[in-house]
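Hi everyone, thanks for making time today.

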Amino acid sequence: MTDFTAKKVLVLGGSRGIGAAIVRRFAGDGADVAFTYAGSQDAATALAADVGARAIRSDAADRQAVIDVVAGEGALDVLVVNAGTLVLGDPLTLDADAVDRMIDINVRAPYHAAVEAARQMNDGGRIIVIGSVNGDRMPFEGGAAYALTKSALQGMARGLARDFGARGITVNIIQPGPTNTDMNPADGPMSATMHGFMAIKRHATGEEIAGLAAYLAGPEAGIVTGAMHTIDGGFGA
Ligand code: NDP
């Protein structure tokens, strides 16, 4: 556990999966946590009540909504951008609108959220974005557009780390490998293939990813910035 008492944390995309685990971790460690969701109202309401967080309905595909929700939280200590979607398939037949919506959620939203957060963020603040090991490695067909979105975050983190470094604000990307969520269930049809790429042949848990987020947001990580933090059971090794 890390003591986040009196720290103000916003998680974009916190109703389910990795985001929900991050909400639970920060709230359990004493932070004042708000999180957004788009579709899963029941899950969001239940989580908020369970851990004492605030749930805000806000679609990450809507740039102005992203900016407004971040601005509305005021001076944050920690921003975590977790909301993401996965569109896989043959690039020759994939729906172009679905690909563009994924780019809006996975790339545009993190950029605008990070910039907006930095306007009011306290010195020493932390910006953490959930990327993917697929930003480094795309070992199967059909993942080009998703990999594009996750590798774009790498350049963003390197650049924004320099833009905000004078204020002690750090910008980091967490790159999970297969993690047991609705997006990628451990008992899903692709699991055996994915485990074949891994040194430790199992899905991660959301709690394991949340532990890395807590480290990056905590007092020991003040000099860690502009970096990609892969947590993937050796998927990319
Ligand atoms: P899930 O699909 O299980 O959960 C996604 C979360 O993001 C939900 O809380 C969802 O909220 C929210 N979300 C999705 N779209 C929007 C939107 N338009 N606006 C606001 N919130 C949104 O995904 P995971 O937990 O598996 O993934 C979380 C992140 O981790 C993603 O960025 C993903 O790319 C990344 N990742 C996941 C891996 C895995 O194996 N699971 C591996 C590597 C990276 P709601 O349901 O309310 O819409």
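Let me start with a question: which element gives the largest share of the shell around the ligand? It is H1, with three residues. Helices and strands here are DSSP runs, H or I of at least four residues for helices and E of at least two for strands, numbered from the N terminus.

Two housekeeping points. Residues are numbered from 1 along each chain as its sequence is written. And please keep in mind that this is a predicted model: local features need pLDDT of at least 70, side-chain atom pairs count only at pLDDT 80 or more, and totals for chains, interfaces and linings use all residues.

Back to the ligand. It is surrounded by 31 residues, and the closest are Gly13, Gly17, Tyr37, Gly84 and Thr181. Being near means that the C-beta atom, placed from the backbone, lies within 6 Å of the molecule. Two or more residues of the shell come from helix H1 (17-28) and from strand E2 (32-37). By class, the shell holds 13 nonpolar, 15 polar and three charged residues. Nonpolar here covers Ala, Val, Leu, Ile, Met, Phe, Trp, Tyr, Cys and Pro; Asp, Glu, Lys and Arg are charged, and the others, Gly among them, are polar.

Now the sheet. Seven strands form an open sheet with parallel pairing, in the order E3-E2-E1-E4-E5-E6-E7. To count as paired, two strands need at least two DSSP bridges between them. At the edges sit strand E3 (54-57) and strand E7 (227-231), each pairing on one side only. On average, neighbouring strands of this sheet are turned by 20° against each other, direction ignored.

Let's zoom in on one pair. Strand E6 (residues 170-176) runs parallel to E7 over five bridges, and isoleucine 174 stands opposite histidine 229 in E7. Helix H5 (residues 144-164) packs on the sheet, touching strand E5 (126-130), E6 and E7. Contact means C-beta atoms, placed from the backbone, within 7 Å.

What about helices meeting helices? H1 packs against helix H7 (residues 206-217) at about 55°, their axes 8 Å apart. Axes are lines fitted to C-alpha atoms, for helices over the stretch in contact, and angles run from 0 to 180 degrees between N-to-C directions. That angle makes H1 oblique to H7; under 35 degrees would be roughly parallel, over 145 roughly antiparallel, 65 to 115 roughly perpendicular, and the rest is oblique. On the H1 side, the contact includes Gly17, Ile18 and Arg25, and H7 brings, among others, Gly206 and Glu207. This contact has eight nonpolar, two polar and two charged residues.

Lastly, helix H3 (residues 63-72) and helix H4 (residues 96-120) cross at roughly 30°, with axes coming within 9 Å. H3 is therefore roughly parallel to H4.

Definitions and conventions:
Contact = placed C-beta atoms within 7 Å.
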